Amino acid sequence: MTRRSRLRSARGAELIELAMVLPLLLLLVGGIVDFAFMFQAFEVLNNAAREGARVAVLPGYDPFRDPRHRVDEYVRAAGLPNQAITSIRRVSLVAGGGSPVTASYGYEITVTYAHQFTLLGPLMSLARAGSIADSVTLTARSTMRAEM
């Protein structure tokens, strides 16, 4: 085989193409999997905030201590790292201007929970660049009303 015929040969071209495309495909698949884990964590946070707000408006519970305990239990059971509730806010509601039957008295409890989600886990630490964020703050908020 002469030198000119070797240069025109296509042997090994597929291997070179695979070597060029494989890292991009792996990064794409990793991003899809990571997004799925982030979405799962966001759903857990939403449900945890909802559980905390529900416990806060139930009679017989402390509206500031028991929701924290319930949210911590829920997040720990889901396997997420435990972080603090950002805020529990109580707003009093008094609606006037009507008959006592239609007037509404009570309060609203809002539970806000924030969680730092690390993108792509240890892979992102290898590719640290100024424009790539290595974590995202997921925030869940739930408001429930307790009528008296």
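Trainee: What share of the residues in the protein is buried?
Mentor: In this predicted model, buried residues account for 27% of the 148 residues. The accessible surface of the protein, for its part, comes to about 10400 Å², and 61% of that surface belongs to carbon and sulfur atoms.

Trainee: Why is Asn46 called buried?
Mentor: Asn46, which is found in helix α2, has a relative accessible area of 17%, and because the term buried applies under 20%, Asn46 is counted as buried. Leaving out residues up to four places away in sequence, Asn46 touches Ala140 and Arg141.

Trainee: Which elements make up the protein, and in what order do they run from the N terminus?
Mentor: The secondary structure consists of four helices and three strands, and from the N terminus on the order is α-α-α-β-β-α-β.

Trainee: What makes α2 roughly antiparallel to α3?
Mentor: The two helices, α2 and α3, pack at an angle of about 150 degrees, with their axes 8 Å apart. Because angles over 145 degrees count as roughly antiparallel, α2 is described as roughly antiparallel to α3. The crossing in which α2 passes α3 is right-handed, and the residues that make the contact include Ala48, Gly52 and Val55 of α2 together with Arg70, Val71 and Tyr74 of α3.

Trainee: How many residues does the largest nonpolar core have, and which of them have the most contacts inside it?
Mentor: The largest nonpolar core has 23 residues, and those with the most contacts inside this core are Val71, Ile109 and Val111. At least two residues of the core come from each of α2 (13-57), α3 (66-78), β1 (85-94), β2 (105-118) and β3 (135-147), and α2 gives the most, with nine residues. As a general background, nonpolar side chains in soluble globular proteins tend to be buried together.

Trainee: Which residues is Val71 in contact with, leaving aside its neighbours within four places in sequence?
Mentor: With those neighbours set aside, Val71 is in contact with Ala48, Gly52, Ile85, Val111 and Tyr113.

Trainee: What share of the contacts with a separation of 6 or more lies between residues 24 or more positions apart?
Mentor: Of the contacts in the protein with a separation of 6 or more, 61% are accounted for by residues 24 or more positions apart.

Methods. Residues are numbered from 1 along each chain as its sequence is written. This is a predicted model: local features need pLDDT of at least 70, side-chain atom pairs count only at pLDDT 80 or more; totals for chains, interfaces and linings use all residues. Side-chain values use heavy atoms; hydrogens and water are left out. A nonpolar core is a set of buried Ala, Val, Leu, Ile, Met, Phe, Trp, Tyr and Cys residues joined through side-chain atoms within 4.5 Å. Buried means under 20% relative accessible area, exposed over 50%, partly exposed in between (1.4 Å probe, protein chains only). Contact means heavy atoms within 4.5 Å. Accessible areas come from the Shrake-Rupley method with a 1.4 Å probe; for residues, only the protein chains shown count as cover. Axes are lines fitted to C-alpha atoms, for helices over the stretch in contact, and angles run from 0 to 180 degrees between N-to-C directions. Angles under 35 degrees count as roughly parallel, over 145 as roughly antiparallel, 65 to 115 as roughly perpendicular and the rest as oblique. A crossing is left-handed if the near helix is turned anticlockwise from the far one by less than a right angle, and right-handed if clockwise.
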